[in-house]
Amino acid sequence: MKLYYYPGACSMAVHIALREAGIPFDLDKVDLAKHRTADGEDFYKINPKGYVPALRLDDGQVLTEDAVLLQYVADQKSTSGLAPKAGTMERYRVMEWLNFISSEMHKTLGALFNPKITPEWKEDRIALFGRRCNFLVQQLGGKPYLTGDKFTIADAYLFTILGWTNLFKLDMGKWPALQSYAGRIAARPAVKEAMKAEGLIK
Ligand SMILES: N[C@@H](CCC(=O)N[C@@H](CS)C(=O)NCC(=O)O)C(=O)O
């Protein structure tokens, strides 16, 4: 398998999942401005949508969309416990989180990457992100991870998006539970390895 990624982007969630699952894979860094990969390929030919993550499977097919790739990786190694068995209520709960993180967290905060964002829209997006953080804290309660005691692909995704709050210098002091949640995930060996490989930490 080969993961097309950009350091710290939403592709890092899939990168973390691959390492958590212990699945062998290659990495290819995409220059998102030029749409070329480090291996010299035209990225539009790999993913016509032009964005990461994209995963080249062992049979040559390319699969995209974070929430789908995360489930694909988890299902390749079901013993990893990264996602409950497909068709169970527990799996639908993880899927519910993946969808929430994608549409309510990823795309809300991701708007700040747009250099054309107006100050008013930026303020609006940050306020909405804050309301979603309030909900997350309420849902986490005292649990170490989103669905309970076990780290799942939903945590890999949420951790990745929460990481952008550092990039945008957002004050997360209002949500200490989220800060300790992110700290707990950052301490996981597979997460450290992924961040190191992406050049985000030493
Ligand atoms: N719907 C896609 C969105 C992926 C996405 O937003 N990727 C961003 C990085 S986090 C990207 O590559 N943006 C560059 C672009 O759209 O050209 C998913 O869920 O995987």
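1. Ground rules. Residues are numbered from 1 along each chain as its sequence is written, and side-chain values use heavy atoms, without hydrogens and water. As this is a predicted model, local features need pLDDT of at least 70 and side-chain atom pairs pLDDT 80 or more, while totals for chains, interfaces and linings use all residues.

2. Domains. The protein splits into domain 1 (2–80 + 190–197) and domain 2 (89–188), with bounds from an automatic or database domain assignment. Their contact (heavy atoms within 4.5 Å) takes 18 residues from domain 1 and 16 residues from domain 2. The domain centres, taken over C-alpha atoms, are 20 Å apart.

3. Ligand position. Both domains give residues to the shell around the ligand, so the ligand lies between them.

4. The shell. The ligand is surrounded by 13 residues (a heavy atom within 4 Å), and the closest are Cys10, Val52, Glu65, Asp66 and Lys107.

5. Polar contacts (pairs of N or O atoms within 3.5 Å). A ligand nitrogen atom is 2.6 Å from an N or O atom in the Glu65 side chain. At Val52, a polar backbone atom lies 2.8 Å from a nitrogen atom of the ligand. His106 places a polar side-chain atom 3.3 Å from a ligand oxygen atom.

6. Cover. Of the 510 Å² of accessible area that the ligand has on its own, the protein covers 76% (Shrake-Rupley method, 1.4 Å probe).

How values were computed
A polar contact is a pair of N or O atoms within 3.5 Å; within protein, one must be able to donate a hydrogen and the other to accept it, and residues adjacent in sequence count only if both atoms are side-chain atoms.
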